[in-house]
Amino acid sequence: MLNIENISKSFGGVMALHDVSFKIEEGSFVGLIGPNGSGKTTMFNVISGALKPTHGQVAYEGKTISGQTPNAICHAGIARTFQIPQPIKSLTVAENVMLGVLFGRGGKRKYQEDRIKNDAIKMLDFVGLSLDPDSYPEKMTAGDLRKLELARALATQPKILLADEVLSGLNKDELKEASEILIKTRDELGVTIIWVEHIMHVLMKLVERVIVLNHGLLIADGDPDSVSNDKQVVEAYLGVE
Amino acid sequence: MLEQLLMAFINGILLGGVLALLAFGLNLIFGVVKIIHMAYGQFVMLGFYFIYYFYTAWHLPLLVAMAGGIIVMGLLGMLVQLLIINPLLDAPRLNQLLALASLIIVLENLAQVVWGADYRGIPISMPIIQFGDIFIRSSYLLAFLGAIATLGILYLFLHKTYFGLAIRSVAQDVEMARGMGINPKVIYYITLAAGGALTGVVAAFFIPIYTVHPHFGASFTLMAFVIVVFGGMGNLLGGFISAFIIGVVTSITAVLASTEVADILALVMFILMMMVRPQGILGAKA
């Protein structure tokens with residue numbers, strides 16, 4: 001479904017990604033991990049079109065998408081959440097989600113406002129955000145902001161979701177809830193998920209496959225058990241003596 | 001004297017309404033495209049000429065000529081986006097500023113070549129309304145009411161339509177808007193078209209008040225810029241408030257001293273604001 005082919009990305013002289021290749025199957029739930037600065041978010045930026053790769057290409061459903069604009073890639077069906085949730089503060093909670101319904105994949109600009117808003121509220125229910133949809137996202141808690149961020153991305157009706165650290169800043173109960181939302185997203189909405197996360201013990205329990213980056217290199221790719229026992233991965237996280 | 005001051009105050013409010021409309025367009029363009037349309041007052045001048053031309057050369061009814069002027073100005077706004085702003089979207093801010101400032105020279109000279117340097121206008125006599133000792137020109141009142149109505153329509157456009165929603169999201173966070181599937185370039189064209197059409201609307205309200213000449217726009221560019229910065233760049237409510245402050249202050253000063261002193265005072269207020277509160281009345285701190 002998604003084919004990352006020999007992607008390299010350099011900023012000035014710094015290689016953020018170095019000849020990284022992997023394939024993502026439809027319907028899979030994949031973790032993308034690595035120490036700070038290993039290139040995870042850069043990879044998301046390349047896939048979502050925010051950055052153009054220096055070398056290599058990204059193919060999605062058989063077509064090259066690297067080099068296309070982020071809005072075109074969103075239309076094609078790849079959505080992302082951001083590490084730091086950044087809702088549009090001058091829009092209400094519902095309006096933030098309505099943007100995705102309206103302008104995302106197969107945008108529904110023809111329908112009336114009620115219909116669009118209903119779709120948005122369904123998404124808010126799906127992620128379990130029980131706030132007044134007409135309130136503004138100013139005073140929301142970290143947990144609610146994460147949910148809104150997910151609802152916005154899912155409102156674009158993606159086939160692939162790039163979830164960037166959806167758990168950071170959450171308490172224990174919220175961690176559990178957010179994990180359940182991700183599973184629901186894959187199982188009920190049929191969305192393929194690539195998930196960057198620092199909270200390893202939760203990630204390892206949920207995903208079927210883990211891809212590990214370190215200094216821009218792909219150092220491991222496999223099921224959670226084998227990856228967590230991989231010597232290179234342990235060294236990358238603990239440092240080499 | 002008291003009546004005179006009261007009349008000046010009322011005139012200031014009426015003037016403020018039209019200035020608010022003018023500043024709104026400049027502010028919207030800055031807020032969404034993040035570019036300062038330096039030739040905005042010159043656009044009003046062009047709009048005035050087009051309405052004049054449609055009325056006198058094509059003998060169109062005045063309201064049709066005005067509608068034509070508004071449409072042409074909207075299209076010219078899109079042309080500016082296509083030819084000047086798009087190629088410079090990622091250019092340094094100074095280059096953008098210089099390109100749009102040079103548009104002032106192009107437009108003023110173009111107007112001079114096409115329409116000559118003479119003052120031109122459409123003579124319309126509108127009655128003066130009297131309330132006791134207070135006299136109000138109905139042309140000013142009409143311009144004020146029209147400007148407020150237009151601002152109301154713009155508010156509804158921004159808050160009740162899908163493109164309005166998209167415009168507001170692009171204004172706040174263009175990367176996020178892209179991520180939601182919005183094409184910012186389309187939004188920029190719509191914004192420039194709306195901003196251009198607004199100059200046509202302002203020109204239409206100016207028809208019974210002023211006559212036009214090629215340098216007619218310069219003072220409006222300056223005025224709009226002062227108002228927008230005074231209120232806080234990109235902040236639509238701030239621009240609205242500061243338009244009335246500037247309108248009332250200049251109008252009252254014109255009565256107490258002279259129009260020249262009024263212009264000086266407006267600019268002194270502007271400079272003081274820059275020293276005390278550079279982000280303007282309602283602007284966010286940089």
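On a 1 Å grid over the protein atoms alone, a cavity is a set of points where a 1.4 Å probe fits but cannot get out, and lining residues have an atom within 4 Å of a point. Grid points are joined across faces, edges and corners, and a volume is the space filled by probe spheres set on the points. The model is predicted: local features need pLDDT of at least 70, side-chain atom pairs count only at pLDDT 80 or more, and totals for chains, interfaces and linings use all residues. Residues are numbered from 1 along each chain as its sequence is written, chains are lettered from A in the order in which they are written, and side-chain values use heavy atoms, without hydrogens and water.

**Exercise 1.** Describe the largest cavity and its lining.

Step 1. The structure holds four cavities of 30 Å³ or more, and the volume of the largest is about 70 Å³.

Step 2. Its lining includes Gly143(A), Arg146(A), Leu150(A), Glu174(A) and Ile181(A). Helix 5 (142-155) and helix 6 (172-187) of chain A are the elements that give two or more residues to this lining. Helices are DSSP runs (H or I, at least four residues), and strands are runs of E (at least two), numbered from the N terminus.

Step 3. By class, the lining has five nonpolar, one polar and four charged residues. Here Ala, Val, Leu, Ile, Met, Phe, Trp, Tyr, Cys and Pro count as nonpolar, Asp, Glu, Lys and Arg as charged, and the others as polar.

**Exercise 2.** Which side chain makes a polar contact with that of Arg146(A)?

Step 1. Arg146(A) belongs to helix 5 of chain A. It is buried (under 20% relative accessible area, 1.4 Å probe, protein chains only; exposed is over 50%, partly exposed in between) yet has no salt bridge. A salt bridge is a side-chain nitrogen of Lys or Arg within 4 Å of a carboxyl oxygen of Asp or Glu.

Step 2. The nearest side chain of opposite charge, Glu165(A), is 6.2 Å away.

Step 3. The partner is Ser168(A), at 2.9 Å. A polar contact is a pair of N or O atoms within 3.5 Å, one able to donate a hydrogen and the other to accept it; residues adjacent in sequence count only if both atoms are side-chain atoms.

Definitions and conventions
On a 1 Å grid over the protein atoms alone, a cavity is a set of points where a 1.4 Å probe fits but cannot get out, and a pocket is an open set with protein on both sides within 12 Å along at least five of seven lines; lining residues have an atom within 4 Å of a point. Lys and Arg count as positive and Asp and Glu as negative; His and the chain ends are not counted.
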